[in-house]
Every structure is written in structure tokens, then in C-alpha cells.
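Hello,

Here is the structure I promised to pass on. Please open it first, then read my notes below.

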Amino acid sequence: MKSQILSILFFLGCITMAAQSGTITGSVTDSSNNDLLPGVNVVVKNTTNGTNTDFNGNFSLNNVSNGDVLVFSFIGYNTLELKVSSSFNISVSLDPDIEALEEVVLLGYVSQKAANISGAVSTVDGEAVEKLKPVRVEDALQGQSGLNVISSGTPGAKPTVLIRGISSYSGNDPLVIVDGVNLTLDDMNSLDPSNIESISVLKDASTTALYGVKGGNGVIVITTKSGKRNQETQFNFDSSYAQQSVEKTIAVLNATEYAAILNEASVASGGNLIYPDFSNFGNGTDWQKEVFRDDAPLVTNTFSARGGSEKASYYFSAGHTSQEGVLYGEDKSYFDRFSFTANIDADLTDKLNIKAYNTYANIKGSNLGDVLFNALNMSPTTPVYDISGNFGTDSKITQEVKNPLAQISNSYNEGNTNKITGKLELEYELFKDFKITSRLGYNYVSAVGKSFNPLVFYGANHNQTNSNADGTPIVTVDSETGEETSTHSRVSETTNTWFRYNYELLGNYNFSIDNEHNFSLFAGFAISKNTGEGLGGTAVDIPFNSWKFADISAATGDQKYSTTSSSYYVGRKVSFFARAEYDYNEKYLASFSLRRDGSTSFGENNKFAYFPSASLGWVITNEDFFNSSTINFLKIRASYGLVGNDNVSPQFGTISTFPKYTFGNTIAAGSTLYSIPNADVSWENQGQANVGFDLRMFDSSLSLSFDYFEKSTDDLLFNPTLSLYLGTPVYPTANIGSTETTGFDVSLGYSKDFNDKISFNTSVSFTSSDNLVTAINNGDKYIWGAGYGIPFKNLVQFREGDSPGIFWGYKTDGIFQNYDEVAAHATQDNAQPGDIRFVDVDGNGKIDAEDRTKIGDPFADYTIGWNLNLNVHNFDLSVFTYGSFGNDVYRAYERNLNYTNRFARALDRWTGEGTSTVEPRATFVDGNNNSRASDRYVEDGSFIKIKNVQLGYNFNLNENSVFDSVRLYLQGKNLLTITDYSGYDPEMSGGVLGSGIDYGNYPTPRIVSVGLNVKF
Amino acid sequence: MKNIYKLLFVTILSFSVISCDDYVDYDPSETYTIVADDYFTSSSDYESALVGVYDVTQWILYNVMIGEIASDNSLAGGESATDVIGLQKIDDMLHDPENDQLTSIWQFMYEGVNRANYLFENKDKLDFTRKDELYGEVHFLRAFFYFELVKIFGDVPLFTNSRLTAIDSGTLQRSSASDVYAQIESDLNAAIAALPAEKSVNGRATSFTAHALLGKVYLYQDKFDQAAAILDPLIGAYGLPERPGSVFLKSGENGAESVYEIQHTKDSNWWAWDYVPQGTEGNFAVIHHGIRGYVGDVYQSGWSFNVPTQDLVDAFPAGDKRKDVSVLDIVKWADDTGAEYGEGYEHTGYFNHKYIPRQGESSAQQELNFGTNYRAIRYADVLLMAAEANNRKSSPDTQAAQNYLNEVRKRAFGNESNASTSTGVTLTQEIWDERRLELAGEGHRFFDLVRTGQASTVLQSIGFQAGKHEVFPIPQKEIDISNLTQNNGY
């Protein structure tokens, strides 16, 4: 049937060829080793006309017509369908069904039978990715054992991905290898998840040490889809449409409550009533309702074709994903991706094979700033629009906080990125089982960005206002000289290009001795180069103050307001590596590897690093003495190795030509020493030990994997805090810290086919890690990370003796109820009844900076992922639930200006002795600094989320249907979140030194979609 | 046999690539980066490194502000009680070693010292025509930075040979203030010897600038004889423009009264918020003094910091024209002109009128580019210093002291009816009081009060503790890293 469609599509109008009938002969081989396959079932599709291959893999079948489809099937191999064309003598090779026969795990440079692996690896297959339909690939890794993936709500934004906890200060992103090409998580925005065949996550050192100085944070190995030999072209079309909305809003004061509390605060500070009569204020403006929409679309369409002939195979795909944000202003916050993939694999000769893989992607996007921060803090008494139809303003709020809808309308930026990623790979079989591979992988990125700061009006006295109410620039005149100065609209443009290539020469030799001692040897050499160039410029005075004309070329302002900047990056590496695997009858397993890395990043005294590893395994179930019908498979394994991290650039003493000074009327160019050199800078050195076991029971329906690991990292790279009397130079990165991480990963799976109509499988993963900073030899034993607010408050610390990235601040102890309590407490400057009582942690009788202590940890103690897949007749259901436990969140979105809005908890504030032990008094003069960084703002962010529910229906197709399969599905993401957190969403990405801080972050939206998948 | 050849081929290939190690050598010029080794090969490198030292003098906004806020002249102000908490604490005499503003003063002034030392470190690399004069300027600037440090913190680490590097971290201890003063005097004397008296261009230090600073340095050590002598050549070399306050207008910059003026310009057109004060060549102090939420003529809206107190306003006697020069009475101004304004924290109704944002005097990102110069040493200051030195030196010259004081008063009142005829301690007190009125808002008051021993009485009501608050605490961070001792009482 399919062939008819094809004929119609491609040969429409041609004269139908007369059907030929005859005998077809041929041979069938195993595609993995070219062995001839006896006993393969060969039938003409939809008939009983069939035969088996003989002992030599040959077959002969009568009464076959031109255009018939032959079906080749054999246990342990993928079934193959082939249309008979003019040739009546064919040779066919079948691909081993890796799932059925022996699951092969891709470890990047090498692949290994799952049963023989003695390291720790998690795998996800393409089908599971398809069920999740993530916008970014990383989201499909959430809930895998050993991984902590923290998603972001911003469309297309990079999530935090931690493999086995946090061992470093600078950069914990794992290395990403896509089809042998070295990439980073930042490149994942260009990968269409529908192209993925499989993902392996390498966790322990025996698997990551082969990546040496890049392996320290684990490795994600992604294989994209390719065609199969002798496979008819299969077309696949998938389309889905979704609407996104937010789950909840945050309780803030309405206009009446706001007015009452402002009056109280003003009077308490000796002022007058702000709103003498607020009886008719009502609820006022609900800003959150004004900014959120519940119909933000997310549309994906992918179209692919895969297949192959005897000598070549191919996979082509085109995909488009378009996601808008859940805030109003569809063109203000979106992610849009086109990608085109062509993966071609061809045998040039019997021994020489070429693979040309190429993906082009175009990514466009824009984002909105702190709109939610404004929606939460803007006064509810301000109308969205004033009587003349302009955006409403509040004359009392003179800084930062503004009408969020005005902000949306004034927000203009756009990024446009083009990426070409791919490889050209030649594989030559030098002699039997000895293959040499020469691979050139490349990644070219060209990113253009533009942002426009128009003239804006947020009220005449707002500090961000730079236009008059009518949108014209504010022109001020020097009363003395008559000189005029004007405000300006401004456009900034950047263009960045990065080019990275890695060339690798690899050799692989497999052999057995006496069919008992199995060896697999591998060695390789690699060089890689990374270059980056950036150019940026700005110009002022955009015609009509309009985004439409926002370009440097159209700007009319004086050149003297323009700026330019440029940047360069060059990095090179040279590496050697080798790995040996050995097994004795698949019973005793061992692997060893060694890598030597040299890098331009390192100081001249430390150019080369060595990273060895070893692992051992014992498959107990393969022992003769082991005889159990319950336990089908049991393997114990252990590994140890060294890996590294090279997040550093060369540390030279550079001269900055940045300083300037004015002599007369001329600005003179100056210079100074800008940075302090460090010729010793080198890699971070991580040792990781892993022990674990894999178990399968009850006809392999139940599986369990368990891993325990210990990592200790020395020579952590970061900038020391040097004596302040050195001035303000940039301090050199140095190797001055260490961390320890321990944890375990568990995954438990169960699958059962009740009958051929009903099947079921479920799996649960458990991931935990315990991270500790054991040393920071930088002088003061801690480093500040992210903070928040105006005035800025420090919050996050990377501190010796604590886990990384903790919140650091004051502990609170209720509210001072009266002056006696204030007097009885340690000296707390300016404290009054109704103010927060802070804890005198160091017991020196004074509340000072030394009393700050750990008040929270944004990273989960453990996470749990639960997958459920159920097939009943034509229905399939998959559910993914994810839980994160023990992660704290810091509410940093509360602005606390006198006239900004307050949060619902302010209704329970202290108004006199005994009225509250939690919420301080309302005042305009917060001498006690109640709003300092303290545990008041820390909440338990533990959550359980139903991340994904997908219900599909496969239509019954009649035999003459043009389609192979038609599946309709409904999907819901983030349908339910169970949490005590009072903000939008306790899940927020942010890196080691900035996670768990809620600045009014974009919540992950709830997504409800309908989709259609058609194969033909 | 064929396979063996192939194996051999692979082996040779493998060894040939081992020689790739130099592939990872790195030269900073690959990314167009100039490194220290490339530098100081021409006189223009020296000139530009000198500009780098002058650059740091533009970062002293907090030095100046605390001189007012810590005194009876002004309150911290700002948006709220927690706005720039470091200034709020200093205002209330509650400051402790964890103070971001004090930390940045410390670090900025040492950046200046290090930039100056970097020139001394490379002094012998090259000879060129202007070398002596150039190093005279470096001596002056290093003295300027050390004086700020010793004035604010007391005993401080002292080093003069070279720019410090990573290995020097944590190796120094504090030197006594007298040693630091000795170095400052030596630097200033070297500057006086090397520099011309006439400035070649506005902004460069001259020998007279060094005289004036040295006079001040002597005064801070109660070395009145030396102070009087060193200031003497300056008398008459400068003048007082007739109209008080004209010196604080744009047209008054670098005028007859200007002895040392830190140059700012609006023409660097700075846009980036995250690198001030270092990045801009504008005066970042100015926006701090602006009227909150201001809509009206002449002035520009700002952040309402450093607001003058009623006590200061009341200190001006009737007829003293300097009151309106020093303080803007916003209520009156609003009544007169119809301007609108908001009230910040600790609103007094007054704003610092000498360094207030004025319309048309900034550009680009307006807050960051006010071109207002900071008048670090004006002739009126020199006259009052000379008056004090002459009145307090071992053989007082009362006549000279009266003359100098009266010259300042004459301009303030526009007549000679307020001329002083006092002598002795009364005259000294009059000079001190005159300094408050003449120099209000310019960052001298707190340090004058400490220097003259008046602080414990004048500032008692705001919490000044004798034996503690004369100096500010060494930043806690520096104590932690460098194991320095802390000042008494902190």
C-alpha cells in the first residue's frame, strides 16, 4: 500500500508498469557483523506465501510480483520490510534488536553490552523522550537516577543539570556529546528532541574518565536517529498544539487593605494619613490577573523520513517548535526553533564507511524582565490605564517598581541564533575487528542579539522615566550656559560567533582468546579548538521611538553617545586516551582507561593532566554454581577513577587601557595593571569511587539498580579573596578549594505484559547526594554568590564546612512585643516593639554581621521520579511524577518600599503587644532593618509535581490504509504541584551560586496539548 | 603481512601526533591582550599609567560623603532607613567593620596607591624628557591616597616600592599613622621639588597643589609652624571670586579659587550601571544629592542622600550669603517656582546645594555622568588653614590669622562689617566655625571636628564616642584575610 502511495506521489502520470511475477532469491546477514543468518522467516506481506533462509542464509521464493513487499523476521532482530523492485536477487541485512537481544549502551567513544558494563550509566531511549515531548532535551532527563534537573519556566531557558551533586564552584554543567561531537548544555536549545534515538548519562569515573578534564561533571551522550539498511522509507509526521497557563497566583493586598496599612505605617512613623478616605477603593487592580494569560500557545511540528538501501541509510527531519510565554505580549517573550537534520551513512567500499551528519537550527527568542516582580509590588490603587488611556502611574513609587503592563509594552529584545552542528566520519576496517575511525566534529554558532530601550514614561518623578508623558525626550537646559541635554532612546546590538571543532583519530580492536577471554581495546587521539568572537555596539535616538526602526543604522543620535565593544576567545586542547575492556565468559568484567589532556586554559607550569580509571564487575548469575529461577541476572560492580574540570582561562597579568582622566577639556586615555597572573593554574582534580549492583528477577520483569558513590574534588578553581590593600585588580583564578560528595542512585523497574492487549511498566528512581565544601583556601573561607534587591543584599555562600550554595543570613526569633523584650535582648540597633528579634548567634551581646548563619539550602536532599506506562488495547497512557525534597526557596521578590504593595501575610502584622509573633509592624521607617536577608524569607520548597500525563490512542487501520499508524494523543504537563511554598513555583534553575532564589521568576507553566502522530 | 604494514602505519601515525604538545601553548596576543611584559617601553606608556593613577581620584565620593554624614552637617537620607545601609549606620554612629562603603573607600584608595607604586616599580626601565615632572605628579597622588587612608582609618599598611601581587596578600601589617604621615610628607616634598607652580592644563597637580595638601597634612598633625610656612607662598597666588557660590557653578570650575580640583566630565557618556564609580568620568556623588521625585526647573531629580540638617542651616548668621550657596531650601524653592518634589528618608527640607544635580550637566545615562568637578582644595580652605596655622603656631601671627579669616568673611557677607578682631583661642574657635560654614557640604566637617578635638562634644548627641569614633573601622574582610588589628572599640 505504501508503495502505491509513493508511486502516486512520485510517479503520478506515469504509465503503470506491467506487473512482473517470478522467483526471488537472496541472502540475509546480520548487519552488526555480516554473519549469514539461517532460519529467517521471509513472507510476502499480507499473504501466506513464505519460506525460511537455509543454513547459509540463502532463500528462494516463488510467485513474487514486482511491487510486493517482503517481510523478513527473525527472533532477536528488527523485522524488515522491503519492496520488490526490478531486481529479483537481493541481499538483506537485519539489525539486531538491541532491546531484545542484548542492550548495547553507548558510552561515547565506545559502546558496550549493558550486561558487561561495570560502571554506572543511566539510559533514556527516544521513545521515552517522545512521550515527554520536551522543548529542551534536558527536561527528558528529569527523574533519571543520579541526575538532578531543575527546569526553568522561561521559554527555552537552560535548566540546571547536576549529575551526582555539586562538586565544583565554577560550572557544574555536564559535558554533552552528540553523535561524537563535543557540545555543551548551552547548545541543547538547537536540538529537536524528536531526533533523539537514545541518551546515556555517564555517571561514574570509569565511564567519564575517558573524557578526562571535561568529564568531571558527568557526560551526557546523545545519539540522534539514523536510517537503517534495507529499510523502506518511513515517513513520520507529528504535530501538537498546546495552551499554557500558570497554576496559581500569589496573595497580595487589595487596594482597600493596601490603603489601610499604608495609613497605619505612615502614622506610626509620625506622618499623616496617606489615604484619608479609602472607603470606595474596593479591590483595585489585580496586577497578576492583568499580566497572566491562560492561552499561551506551544506548537510543535516535526516531519521526518528514514530508510536505507543496501549500501546506505539516511534520516532527514524538519522540525518547528514555537512557544510563547504566559505573560501578555506574545512577541515579547517567546522561543522559536526551526531545525533541519540530514544524517547520511554510506559504505564507500566494503571496508570504508562514511557518516555525514548535519543539523542546522535557527533559534529566535525574546524575553521579558522582571514583570512579575512589578506585578507583585505595584500598588493596587493604580489603574492599568488612566483616564486619558495612558498606562497608569503611581506618583508615590519613584523607583524600580512600575506598571507591569507599561513595562511589557516598553520591553523589546530579540535574539537570533543560527547553528550548524555535525560531523564527517570515516571508518575503515583495517582488518577483521580492527576499525579506525577518523572524525571531524564541528559546531558553528552565529548569534545576533538586539535590545531596544525606548524612551519610557512611568510617571513624571519615577527614576526610570526618561520621556515626557507624550513620549518626547526630556530636554533639560543648563540654567547657566544654556546648554541643552536630552534623554535618549537607545539600541544595542551584539553579534557573536563561536566555532568549535574536534578532530579525533580512533582505533578499535576486538578479539577473543579461546572464546572465553574477550577483549575490546580502544585508543584515540584528539585535538580540539574553540574560538569565539564578539562585536557589540550601541547607538541612541531611534526614529519614532519605535522598535520598528530600532537599529544602529537608523539611529539619528550624536555619535558620541555610541559605544562599541569586542571580545575574543581562543582555547585548544590535545588529548590521548585508551581503554581496555575485558571479560571472562561475561562472568568477570574489567575495564581500564587512561587519558592525557593538555589545554591552553592551564598555566604554563601545569600544561598536562592524566586521568586514569578502572572498574570491575562480577555477573554472579553467570556462575555455574548459581541456580535460581527467581533471580535472572545479578551483577556487582565497582569503579574508581580521576576526572577533571577546566573551567578556567589563562591567567596573565594584563594591562587595561580602560582608565581615563580629564585634563582641560580632553579625556586622556590611561592604563593600569588589570589582572594578577597565575602561571600555576590547572584543572580541578576529582576522584570518584562507585559501587553498585544490577538485579533482574521474575523473568526479568523486575529490575533494580543501585549505586553508591563518593567524590572528592581538590584544586577547585576559583578566584581567591586577596588582601583588599591589593586594590581592585582582577584576582587570578587559582586551585584553592575542595569538596566532597556522597550519594546514591537507585532505580527500580517493573514491567508486565498481561496479554497482547494489555501491558504495563513502571519505574521509580531515587537520587540523593550530600555535598560538602571541605576547604576554601582563599583567605576568608567563603565566597559570596548571588544576592538580591535594592539596596543589594548578599545571600548565597559557598562556604567551608557547609554544603555549596547555601542561603546565609540572620535567624529570626519572633517579634519584640514590648520595650522590656527589646532591652532584655542583645543590642539590636534601632529596634522597637513590633520589630523582628534576630538571634545573637555568636552570643556577643550584639546583633551584627557575625550573627549571620546558614538559613537554608536550595538543593534537594533527594529527588524521586516515577514513570508509569500502560497500554490497554489501542490506548497508551504514560505518567511521570517528580518529587524534590528538602530544597529551600528564598522569597526575594518582596520589594519593601514604603509605597509598594505588601503581601497577604501583612494582614497578620503586629499591631500591639500579643498580636503577632511572625509579621513585624507596618512602618515607613524600618530602622531595625526588618527586611534584611533572614530566615523570614526562607520557605520549604519541597514539591511533588505531576510533570507529564500523556494519553494516546492508536487508530485501527484497515489493511489498505495509506498509513502505517495513526496516533492521537492528549498531554498535560505540570498538571498538579503539591507544595507548601507560597510563591508561584518552587522549582527554579539558577546554578550553584544562585539557585532557589525567587526574584518573581517565571513559573513553569501548565501545558495542555493535543497532538497527532502519523507514520506512513 | 599486509596487516603488519597497516599496524605499522597506525603506530607511526600515533607517534607523529604525540609531537602536538606545543599546540596548547598560548600567547595572550592571540586575543589581542596586552600583558605587563609588553609595557613601559615608551614615554607614552608612562603618561598613560599616570592617567591611570589620576583616574582613582574620581572615586572618592564616599570619602566626601561620610565627612558630612558622620558630622552634624547632614543626615544620610536616601529612600528608606535601609537605603545604602553603610551610610545610614555612619550617620547614626552605629557603623561596624561590615560596611560596604568603608570597604570600598579602603579598596579604592589602595588601588590608587598600587597604581602609583606600579609607576615607581617601573621607574628605571626608561628615561624620557618629562620623567621628573611626571614622577612629581605620582608622588603627589600617592600622598593624596595615603592621606585619605590615614585620615579615615588611622594606622594603615604602608608600602611604596611596587604594586602588590597575589603573593603579598596577607603579608603586611598596619604601620603607625606617624609613619604614614612621614611618607606623605616625603612624597609631597618630592612633588613640590619636581613640579612647576603654574599648571600646564586644568587637572594636573602643581607644586602649589602639593603645598596646599602638605599644609593640610601638617595641620592634621598639629604641626602649625610647618603648616604656616608651607601655605605662605600660596597667599595671594589665588583669589576669591566676589560672588560666593560662583565657584560651584559650571563656570566657576578651575577658576581663580581652584587649588586642587578633581576633574569630571559628562563627555565620557557612560551607560553601564554596574561599573560605577570606576567606569564613568562623571561625578557619581552628584546624583546622590538630588531632590527625590523632583519635577521642575533648574535641578534634576535624584536620590536625596546627604541632606543638610536644620542645625547647619541655623548656624549661618543673618546676611551670610553662603547659606543659600550651601543649602537648597526645597520648600521655599517649590513655593517660588511651582516645582514638585517627594520626601525621602530623614527629609529635612534641605539639599546639598553645592553638588546638586543640575539640568543640562549630564549626558547619556543621566545619573552617571554629571560633569561637576569636586573642589578638593579651594583657596578659601587654604586661607582658613593658613589662619589657623598662624594663630596656633609656636609664635602666633594673629594679624595674619585675622586677615585670612576676614578675607573669607568679606566675601561671605559682601562687606567688612563682620570682620573678626578676636585673638587666641577665641580666634581659633572662630576659624573652626568659619570652616564649617565656608566648607559645608564639601566633606571636611567630620574630619575637622576630630582633628580639632571638638568631635566628642559637638557630636555627642548623635552618639560619638571619644577614643573610638575618631577613626573608622578597618573593613572586616581585610581583618579576616590579612589578620590586621582592628581600631579601638570596633
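**What I found**

Of the 1016 residues in chain A, 47% count as buried. Please keep in mind that this is a predicted model.

Let me stay with chain A. It has 8 helices and 55 strands. Its C-alpha atoms fill a box of roughly 105 × 65 × 65 Å along the principal axes. How does its radius of gyration fit a compact globule? For 1016 residues, such a globule would come near 31 Å, and chain A has 32 Å, so the two agree. Now look at contacts in chain A between residues at least 6 apart in sequence. Of these, 69% join residues at least 24 apart.

Next, chain B. It has 19 helices and 8 strands. Its C-alpha trace spans about 115 × 55 × 45 Å along the principal axes. Of its 490 residues, 55% are buried. Among its contacts between residues at least 6 apart in sequence, 68% join residues at least 24 apart.

**One sheet in chain A**

Find the open sheet of 3 strands in chain A. Its order is E4-E1-E7, and the pairing is mixed. Which strands stand at the edges? They are strand E4 (58–65) and strand E7 (89–94) of chain A. Each has a single partner strand, so one side of each has no neighbour in the sheet. From one strand to the next, the twist averages 35 degrees.

Strands of a sheet pair through backbone hydrogen bonds, either parallel or antiparallel. Strand E1 (residues 21–30) of chain A pairs with E7(A) in the parallel sense, over 6 bridges. To see one bridge, go to A:Thr29: its partner in E7(A) is A:Ser93.

**One helix in chain B**

Now turn to helix H2 (residues 43–56) of chain B. At 1.5 Å a residue, its 14 residues should span 20 Å. Its end C-alpha atoms are 21 Å apart, so the span agrees.

Is H2(B) mostly covered or mostly open? It is mostly covered, with 11 of its 14 residues buried. Among them are B:Tyr46, B:Leu50, B:Val53 and B:Tyr54. B:Asp45 and B:Asp55 are buried too.

What covers the buried residues of H2(B)? Both chains contribute to the cover. From chain A, it includes strand E33 (660–663), strand E34 (666–669) and strand E35 (672–673). From chain B, it includes helix H5 (100–121) and helix H6 (131–153).

Best wishes

Terms used
Residues are numbered from 1 along each chain as its sequence is written. Chains are lettered from A and ligands numbered from 1 in the order in which they are written. This is a predicted model: local features need pLDDT of at least 70, side-chain atom pairs count only at pLDDT 80 or more; totals for chains, interfaces and linings use all residues. Helices (H or I, at least four residues) and strands (E, at least two) are DSSP runs, numbered from the N terminus. The expected span of a helix is 1.5 Å times one less than its number of residues. A residue is buried if 20 or more other C-beta atoms lie within 10 Å of its own, exposed if 12 or fewer, and partly exposed in between; C-beta atoms are placed from the backbone. Two residues are in contact if their C-beta atoms, placed from the backbone, lie within 7 Å. The radius of gyration is taken over C-alpha atoms; the globule rule is 2.2 Å times the number of residues to the power 0.38. Two strands pair if DSSP finds at least two bridges between them. Axes are lines fitted to C-alpha atoms, for helices over the stretch in contact, and angles run from 0 to 180 degrees between N-to-C directions.
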